[in-house]
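Student: I have a protein model open and would like to learn how to read it. Could you take me through a few features?

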Amino acid sequence: MSDRQTKTRNGAIDFWKFIFSILVVQFHSSNLTKIKTTPFVGAAIAVEFFFLVSGYLMAASISRYKEDEILVGRDSRNFMLHKIKGLCPEIFIAWGIGFVVQHIAKKNVTPAALIKDLMTGVWDMFFLRESGLEGFKANPAAWYISAMLLAMLVLVPLFLKNRDVFVNVWAPVLAIAALGYLSKNVGDLRGPTDWLGFCYKGWLRAVGELCMGVICWGICQKIKDLRLSKLAEALLTMLELCCYFGVIAWSYAHKGSQMDFVMLLLFAAGVVVTFSGKSLLSSFFNKPMIYFLGKISFPVYLSHNYWSHALVRMYPGQNYANLYPKYVLAVLCTTAVIYLTASGLRKIAPGFFALCRTTLLDES
């Protein structure tokens, strides 16, 4: 691990990203049983952590722009393209695996049905699922990526237009409006593919929670400037651990309810402390192994949901105890395939695109 990587990665965030990606995997194991009751049956709440972190990192990235050099349209486009580039090629590898796995599980799929699924799956491949465009969903868990990108498509131009107004006015207003609407009309933060009449629940959830992540960034900047005593750092460390372990403990046996919004608030407090670097545990997590866990959290998230649906069809009649070991093994193998394949493609990509450029473009 180079010095530059060590400075730019937050080991504590990497650690919790991995833990919460594992919780999401455990949550979707409920698809293996008809009663939908398993340990950590409420662990879908873990996705809120990822939205908050994404909102924080969005704010941190945009804060580095020089305000007098910003062109809102151009910089919004470049921001989104950079964000999408960071998700590739993992998202497409996982899409391909999910497409194959689900059609093997369906059995006796006709060529016409296969072609139809391939063609309608284009919306999923271009991150448009949460827009309302319907099609085959090769990787059900990828709703989060679509919701995040489509929400950023709205938020990033507002942020670039006036950073101060967005952080201090728009982010709080949009967070309160989005989350207040969900609390009043739905009552929880689950069901991202529920249609609300004007958008999917997952998109509105993304808007509110990305804005909360921006608020966390603003608060964190104030904390970073403070010189704290060891007692204050110890108290922040206790707060950090209580927030994360409190959410984990609650998710063990509780499904979605109004308590989701309380758990989101606990996550927000934990994210502020973790990013501030004021926790006594901050330096403990800055290790190469933890950085690696952070890197594979995305492949872990992309590797599981289609298996939880497919294994029930592949092994009809088997119960949760029989299917769960197969599920874990499938997730482990798929994670390795996604991570290694993506790493290999990233190594050959510069040469490949350079060859395409020289072959297809006349630059003489």
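The dialogue below goes from the overall fold to single residues.

Tutor: Happy to! This is a predicted model, where local features need pLDDT of at least 70, side-chain atom pairs count only at pLDDT 80 or more, and totals for chains, interfaces and linings use all residues. Residues are numbered from 1 along each chain as its sequence is written, and side-chain values use heavy atoms, with hydrogens and water left out.

Student: How many helices and strands are there in the protein?

Tutor: Helices (H or I, at least four residues) and strands (E, at least two) are DSSP runs, numbered from the N terminus. Here the protein has 15 helices and zero strands.

Student: What share of the residues counts as buried?

Tutor: Buried means under 20% relative accessible area, exposed over 50%, and partly exposed in between, using a 1.4 Å probe and protein chains only. Of the 364 residues, 48% are buried.

Student: Which residues have the most contacts inside the largest nonpolar core?

Tutor: In soluble globular proteins, nonpolar side chains tend to be buried together. A nonpolar core is a set of buried Ala, Val, Leu, Ile, Met, Phe, Trp, Tyr and Cys residues joined through side-chain atoms within 4.5 Å. The largest one has 96 residues, and Phe20, Phe49, Met58 and Tyr144 have the most contacts inside it. Helix H8 (residues 143-161) gives the largest share of this core, with twelve residues.

Student: Where does Met58 lie, and is it buried or exposed?

Tutor: Met58 belongs to helix H3 (residues 47-62). Its relative accessible area is 1%, so Met58 is buried. Contact means heavy atoms within 4.5 Å. Setting aside neighbours within four places in sequence, Met58 has contacts with Phe79, Met152, Leu155, Val156, Phe159 and Val214.

Student: How should I read backbone angles?

Tutor: Most residues other than glycine have a negative phi, and most peptide bonds are trans. In this model, Cys88 and Pro89 are joined by a cis peptide bond, with omega about 5°. Pro89 sits in the loop between helix H4 (72-87) and helix H5 (90-106).

Student: What is the phi of Lys107, and what is that of Phe127?

Tutor: Lys107 has a positive phi near 65°, and phi of Phe127 is also positive, near 65°. Lys107 is in the loop between H5 and helix H6 (111-120), while Phe127 is in the loop between helix H7 (122-125) and H8. Lys107 counts as partly exposed because its relative accessibility is 45%; Phe127, at 9%, counts as buried.
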